[in-house]
Amino acid sequence: MANSPQALKRARQAATARAHNASLRSRLRTAIKAVRKAVAKGDKTAAQAAYVSSTSIIDNIADKKIIHKNKAARHKSRLSAVVKAMA
């Protein structure tokens, strides 16, 4: 446990940051799932719309360094390939 006032404050700040980052990661996963669900339903227009909105969310979270930029690029690439492969 933290012993100094400074360490106590850093522990409080870390907890707040961890909660915020967790909510952003959750938003990322939800955006990815939305595209996958639209693809599973076979609705190409909905899948494309979900892809466009998820791309924005993925980029935003990568800019905040919640995930690495290469991981963001990988997610976008795979989602794009799945949407393009739809009949």
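View 1. Arg29, Lys33, Arg36, Lys37, Lys41, Lys71, Arg74 and Arg78 form a positive surface patch, where patches take residues with over 30% relative accessible area and no salt bridge and join like charges within 9 Å. Helix H1 (5–41) and helix H3 (69–84) each supply at least two residues of the patch, helices being DSSP runs of H or I with at least four residues, and H1 gives the most, with five residues. Arginine 36, which lies in helix H1, counts as partly exposed because its relative accessibility is 42%, given that buried means under 20%, exposed over 50% and partly exposed in between, with a 1.4 Å probe.

**View 2. The largest nonpolar core.** Of the 19 residues in this core, Leu28, Val35, Val39, Ala47, Ile58, Ile61 and Ile67 touch the most other members; such a core is a set of buried Ala, Val, Leu, Ile, Met, Phe, Trp, Tyr and Cys residues joined through side-chain atoms within 4.5 Å. H1, helix H2 (44–63) and H3 are the elements that give two or more residues to this core, and H1 gives the most, with seven residues.

**View 3. The one salt bridge of the structure.** The side chains of aspartate 59 and lysine 76 meet at 2.7 Å, N to O, a salt bridge being a side-chain nitrogen of Lys or Arg within 4 Å of a carboxyl oxygen of Asp or Glu. The pair links distant parts of the chain, with aspartate 59 in helix H2 and lysine 76 in helix H3, 17 residues apart. Aspartate 59 counts as partly exposed because its relative accessibility is 28%.

**Notes.** Residues are numbered from 1 along each chain as its sequence is written, and side-chain values use heavy atoms, leaving out hydrogens and water. In this predicted model, local features need pLDDT of at least 70 and side-chain atom pairs count only at pLDDT 80 or more, while totals for chains, interfaces and linings use all residues.

Methods. Patches are made of residues with over 30% relative accessible area and no salt bridge: like charges are joined within 9 Å, nonpolar side chains (Val, Leu, Ile, Met, Phe, Trp, Tyr) within 5 Å. Accessible areas come from the Shrake-Rupley method with a 1.4 Å probe; for residues, only the protein chains shown count as cover. Lys and Arg count as positive and Asp and Glu as negative; His and the chain ends are not counted. The place of a charge is taken as NZ of Lys, CZ of Arg, CG of Asp or CD of Glu.
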